[in-house]
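Hello,

Here is the structure I promised to pass on to you. Please have a look at it first; my notes on what turned up follow below.

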Amino acid sequence: MPSKDKIAYFYDGDVGSVYFGAKHPMKPHRLCMTHHLVLSYDLHKKMEIYRPHKAYPVELAQFHSADYVEFLNRITPDTQHLFLKELTKYNLGEDCPVFDNLFEFCQIYAGGTIDAARRLNNQLCDIAINWAGGLHHAKKCEASGFCYINDLVLGILELLKYHARVLYIDIDVHHGDGVEEAFYFTDRVMTVSFHKYGDLFFPGTGDAKEIGEREGKFYAINVPLKDGIDDSSFTRLFKTIISKVLETYQPGAIVLQCGADSLAGDRLGCFNLSIDGHAECVSFVKRFNLPLLVTGGGGYTKENVARCWTVETGVLLDTELPNEIPENDYIKYFAPEFSLKIPNGQIENLNSKSYLSTIKMQVLENLRCIQHAPSVQMQELKDNGYGNWAFGLSLSHETEIYYLGYIYVPPDFYIPEFDEDEQNPDERLDQHTQDKHIQRDDEYYDGDNDNDQMDVS
């Protein structure tokens with residue numbers, strides 16, 4: 001049965017071609033594998049496919065500091081030795097290395113999440129998917145945990161232009177610290193993170209006691225879990241908490257970060273979730289029928305990442321997929337079973353019923369402290385052709401608070417069109433420019449839903 005929802009899907013082949021380094025666990029190549037698996041199941045025929053624009057520095061600076069964005073734009077592997085002080089300042093190094101095309105990588109994955117939010121805002125789709133996004137650790141002025149630009153914060157800021165309240169849900173094995181920190185002082189965004197906590201597990205934050213401050217008190221929800229949680233325990237807790245969150249907070253839109261490192265067998269993870277268990281969370285959120293922005297996140301056993309996000313694309317399309325993986329360019333990675341299913345995790349479940357009950361009661365008690373959904377008056381104070389003024393948002397960064405009482409909401413940025421007349425045919429076009437101009441057989445297909453670049457709205 002085809003989905004009744006209109007789904008927009010964002011992908012650029014260049015995002016999977018960058019290389020963090022030989023020993024680095026982050027492999028963007030997993031995004032190419034995911035995309036080709038989506039294609040092999042013909043899921044692209046049920047969605048509108050868009051190549052995102054590369055986010056402009058000024059767009060990235062809607063959250064990040066301008067000096068940090070400028071440094072990311074300037075630094076290269078060949079010049080990094082000249083900027084040792086800045087590398088330390090911006091936390092670039094072993095976890096967050098400088099590699100070729102780093103800034104373009106950030107522009108593409110952030111552009112996808114921004115474009116996804118804009119299509120939702122303009123009611124051009126019901127669900128928007130950007131598996132390249134979900135880099136939830138990046139901070140205002142520094143990189144963190146393999147994340148350089150926090151596309152999630154940028155997407156949420158877009159959604160706040162049209163929605164009084166936005167709900168952020170994170171099922172990555174790591175705490176969604178960068179998103180929580182950005183909105184720690186506001187009630188316009190509720191952040192809910194389910195993650196491993198304790199044993200010095202990265203990033204070390206996400207205790208249930210972290211609940212937000214000032215106007216944001218009780219609007220940060222953390223569900224700290226121990227090693228080995230399984231499908232039944234996780235999904236039961238997830239559904240109970242998210243149901244109460246939706247009832248209490250009544251958001252206008254949802255952002256769902258689907259980090260796949262919470263799956264059994266992940267190189268950096270420690271949970272026992274199956275793909276079906278992980279996908280059940282996506283299915284549950286979808287049932288609330290709110291504008292939904294879905295991103296990727298962590299995930300370091302790349303064949304399982306591809307399996308998971310393909311299954312979840314199917315879930316969002318109300319399409320059940322055959323277990324046998326069809327022929328595709330990356331079929332060898334799924335040997336020897338060539339199936340979507342993954343083995344059950346064997347890690348001991350340290351989450352006792354009493355522990356999970358205590359966490360659940362603590363979260364529900366905090367939700368009871370919210371009398372009703374916060375009332376936000378979305379008033380247009382000025383429209384001079386360059387943008388509008390919108391009401392009420394506080395952003396935080398560590399000990400600094402940026403209270404923006406009336407914040408300037410910039411206009412949706414114009415995306416320049418490709419102009420053949422201005423191109424020198426003797427000059428070699430970069431891959432992104434070529435991709436915008438021609439359909440590539442390995443990424444797209446001939447059909448009415450193939451949209452090679454974003455509409456300008």
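Let me start with the overall fold: in the protein chain, 77% of the contacts with a separation of 6 or more are between residues 24 or more positions apart, a contact being heavy atoms within 4.5 Å.

A word on the source: this is a predicted model, where local features need pLDDT of at least 70 and side-chain atom pairs count only at pLDDT 80 or more, while totals for chains, interfaces and linings use all residues. Residues are numbered from 1 along each chain as its sequence is written, and side-chain values use heavy atoms, leaving out hydrogens and water.

The protein chain has 12 helices and 12 strands; these are DSSP runs numbered from the N terminus, with helices being H or I of at least four residues and strands E of at least two. Of its 457 residues, 59% count as buried. Here buried means under 20% relative accessible area, exposed over 50%, and partly exposed in between, with a 1.4 Å probe and protein chains only.

Helix 1 is mostly covered, with 11 of its 12 residues buried, among them R30, H35 and H36. Strand 1 (7–10) and helix 10 (302–316) are included in what covers them. After helix 1 comes D42, which has a positive phi near 60 degrees.

How many disulfides are there? The count comes to 0, taking a disulfide as a pair of cysteine sulfur atoms within 2.5 Å. For C96, the closest cysteine sulfur is in C147 at 6.9 Å, too far for a bond. C96 counts as buried because its relative accessibility is 1%, whereas C369 is partly exposed at 36%.

Finally, the largest pocket holds about 370 Å³ of space. A pocket is an open set of points on a 1 Å grid over the protein atoms alone where a 1.4 Å probe fits, with protein on both sides within 12 Å along at least five of seven lines; lining residues have an atom within 4 Å of a point. The volume is the space filled by probe spheres set on the points, which are joined across faces, edges and corners. The lining has 16 residues, and D276, V311, V315, E320 and L321 lie nearest the centre. Helix 9 (275–286) and helix 10 each supply at least two lining residues, and helix 9 gives the largest share, 6 residues.

Best wishes
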